[in-house]
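Subject: Structure handover

Hello,

Here is the structure for you to pick up.

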Amino acid sequence: MLIALAAAALAMPAQAQSPADDAAAMHAKVDGLIARMTLEEKIGQLEVLGDDYGKLDDLARAGKLSATNGVLNDRDVAKYTRHLQDMAMQSRLKIPLLFEGDVAHGYYTIMPVPLAMAATWDTALTTQVHRQAALEATASGVSWTFSPMLDIARDPRWGRIVEGAGEDPYLGAAMAIAQMKGFQGDDLSRPDTMMATAKHFAGYGAAQAGRDYNSADIPPRQFRDIYLPPFKAVADAGIGAVMAAFTAIDGVPATASRKLLTGTLRDDWHWPGLLVSDYDAIPELVTHGVAATPADAAAMALHAGIEMDLHSGIYLEQLPALVRSGAVPMAEIDAAVRHVLEAKWKLGLFADPYRYGDEAKEHDPALRAQSRAVARRAATESMVLLRNQGVLPLRKAGRIAVIGPMATATRDLEGQMPAAGDPARVVTMLAGVREAVAGKAQVSYAKGVDVTGDDVSGIADAVSAAKASDVAILVLGESVGMIGEGNSRAAIDLPGQQLALAKAVVATGTPVVAVIVSGRPLALPWLADHAQGLVYAWLGGDEAGHALGDLLFGDADFSGHLPVTMARALGQVPLSYDHLPTGRPGDQHSIYTSRYVDLPNTPLYPFGYGLSYTSFRYGEPRLDSATLGPGGTLHVTTRVTNTGTRAGAAVVQLYVHDEVASVSPPVRQLKGFERIALQPGESRDVGFTLTPADLAFTRRDMSWGTEPGRYTLYVGGDSTATRSAAFTLSPARR
Ligand code: BGC
């Protein structure tokens with residue numbers, strides 16, 4: 001019987017045309033391979049290694065390499081991936097390699113960072129951004145990305161807040177799906193789609209005190225209601241891979257948590273994809289203090305559900321002896337190998353190991369031009385106008401002073417993970433302004449101060465430039481080494497002497513537009529009060545400068561809205577719009593309420609906030625029924641009118657508040673949004689549909705579901721929206 005099965009598997013035809021759909025053929029192929037693999041070959045499939053581990057050629061030929069994450073190290077990537085695949089084809093079983101790159105926001109063409117993309121509230125554009133990235137990356141042979149990062153983050157100290165979609169689970173889930181679709185399309189086996197990875201599972205964004213890799217303490221209800229939804233959304237939508245988080249929650253590192261990795265992902269969610277560790281996270285179980293030896297760590301991670309080790313080589317080194325001694329059952333190895341091989345099948349690699357990688361396309365100018373156009377639109381939609389005292393849009397005339405250290409930044413605008421990007425391709429903010437007004441206005445530049453440090457000797461020149469100009473554009477912010485992985489900050493204000501520069505320039509009396517280049521929401525109370533204009537430009541990628549030029553001079557309109565609450569000061573952190581009411585809601589003027597004596601509770605700018613050159617009126621929400629019944633729907637409609645004189649895009653937001661529940665309900669929660677473009681004077685009805693499932697949460701007894709009762713909903717342009725209506729959710733059927 002066994003022999004007959006194995007023979008049948010060996011006789012399997014090559015992978016069919018539409019492999020993702022052909023589950024029976026996939027299982028037969030994978031079973032057949034597993035039946036033939038030696039223990040070493042199996043364990044070789046469980047490693048993602050870089051070229052710092054050993055000679056990848058030799059490992060690939062020996063069948064000890066399954067995937068490499070080293071593809072972006074300054075090489076001719078398509079040639080390199082093809083060469084390594086050649087090596088794998090010389091191995092006994094010819095199992096193709098996966099080529100991984102951290103394609104987080106663009107590959108050759110660098111797009112705005114994910115937090116900036118979340119500020120667009122434009123899911124279609126977000127998909128397009130990652131679609132371009134996939135087109136470029138797959139042309140280089142890269143078939144797998146460790147992206148999107150789905151960590152909800154509410155602490156701007158944490159440098160990796162830049163990699164996610166901000167503080168909200170609803171927006172986070174919408175952006176998660178949008179990103180996944182861009183990478184994976186609807187057929188993973190196409191040569192121009194790639195496997196995406198939801199990371200970091202889970203709770204990494206809650207690292208205590210905003211310090212990267214720090215432990216997190218997340219109460220189980222918050223964990224499910226706030227941190228898990230983006231992951232659940234992509235697990236249901238078919239994401240190919242998940243990466244476990246570095247963090248320990250309540251003392252248990254995610255990498256060692258069978259409850260989380262196998263319990264939640266496999267048993268509860270029935271997710272069939274590939275689970276990979278984070279970089280060296282398995283040996284770090286020893287440092288965490290939950291494993292005594294590397295062997296313990298390897299056994300513990302595999303048992304928890306980690307199928308591939310990233311970078312450390314610990315599976316290759318430890319698992320063979322553990323299996324031989326009986327400490328690790330072969331069944332666990334086989335289960336892990338199965339998921340790896342299935343991922344390779346779904347990517348179409350058994351049909352054609354050279355499916356990805358196309359040198360002509362890799363250097364195709366038409367593809368690059370297309371990507372740049374998308375990058376420009378993305379950067380334009382992502383920038384958020386926070387304040388405008390009538391100064392913007394600027395006139396393309398007279399004298400303009402561009403001031404500040406970030407005006408000429410290139411590498412900083414690419415973010416920490418620029419894949420195959422090149423700072424030389426970044427359009428600086430200064431260049432963008434110059435180009436926008438070429439031949440019409442005179443532009444001067446003064447740096448003023450560095451991003452960090454105490455040197456103020458350049459401020460005098462900056463002041464002279466401002467005095468000699470009709471307007472000053474102050475470009476301030478943070479450099480790349482202050483944002484991203486490992487780059488937590490203990491302060492969230494402008495570093496160095498940049499505020500001193502701003503104060504000196506504002507004191508000249510020349511109108512000032514401050515433009516902030518940063519990957520985290522900084523606390524900018526002084527600028528919010530004193531600059532005539534304030535723009536949050538994030539890290540906008542290759543086309544940031546063009547986008548800024550288009551926006552400042554009115555060739556495009558601002559339409560970005562904050563995906564995070566912007567604090568007045570670090571002391572308010574963590575701060576999110578969906579906080580609980582407390583028994584004594586804050587009143588700054590009343591003692592014994594939940595307040596600060598020295599600062600209002602309110603943020604500097606609320607979640608969802610963003611101005612435009614036009615204005616919008618939101619009509620009272622109209623409901624098609626006062627009651628939402630079990631299995632029913634509730635339609636909410638609001639009439640949105642462009643009341644200004646320019647065309648613009650509104651981000652219409654729907655928030656819901658549960659009046660009474662078994663656990664204290666958040667003051668409001670985002671439950672819908674839509675971006676719409678309106679001509680001056682134009683009105684449009686925007687509709688949302690709510691079902692009972694949209695109102696489900698983790699109840700007092702920890703079950704997931706709804707509770708009947710009264711709800712208020714709000715519609716408007718940010719999380720302080722006041723147009724409201726009420727409805728009742730009727731009891732669920734028994
Ligand atoms: C990060 C991951 C990343 C990996 C590989 C790790 O340190 O946490 O997000 O994908 O490195 O670059």
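In this predicted model, a polar side-chain atom of E485 lies 2.6 Å from an oxygen atom of the ligand. A polar contact here is a pair of N or O atoms within 3.5 Å. Taken alone, the ligand exposes 310 Å², and the protein buries 88% of that (Shrake-Rupley areas, 1.4 Å probe).

The residues around the ligand (a heavy atom within 4 Å) are D102, F146, R160, K199, H200, M243, F246, D278, Y279 and E485. Two elements give two or more residues to this shell: β5 (197-201) and β9 (274-279). Strands are DSSP E runs of at least two residues, numbered from the N terminus.

Now the strand. Is β26 (residues 709-716) largely enclosed or open? It is largely enclosed by the rest of the structure, because 6 of its 8 residues are buried (under 20% relative accessible area, 1.4 Å probe, protein chains only).

β26 has antiparallel partners. β21 (residues 648-658) pairs with β26 over 6 bridges; pairing needs at least two DSSP bridges. There, L654 is bridged to V715. β27 (residues 723-729) joins β26 through 7 bridges, with R710 opposite T728. β26 and β27 form a hairpin with 6 residues between them.

Two notes on conventions. Residues are numbered from 1 along each chain as its sequence is written, and side-chain values use heavy atoms, without hydrogens or water. Local features need pLDDT of at least 70 and side-chain atom pairs pLDDT 80 or more, while totals for chains, interfaces and linings use all residues.

Best wishes

Terms used:
Buried < 20%, exposed > 50% of the residue type's maximum accessible area, 1.4 Å probe, protein only. Helix = DSSP H or I, 4+ residues; strand = E, 2+ residues; numbered from the N terminus. Polar contact = N/O pair within 3.5 Å; in protein donor to acceptor, adjacent residues only side chain to side chain.
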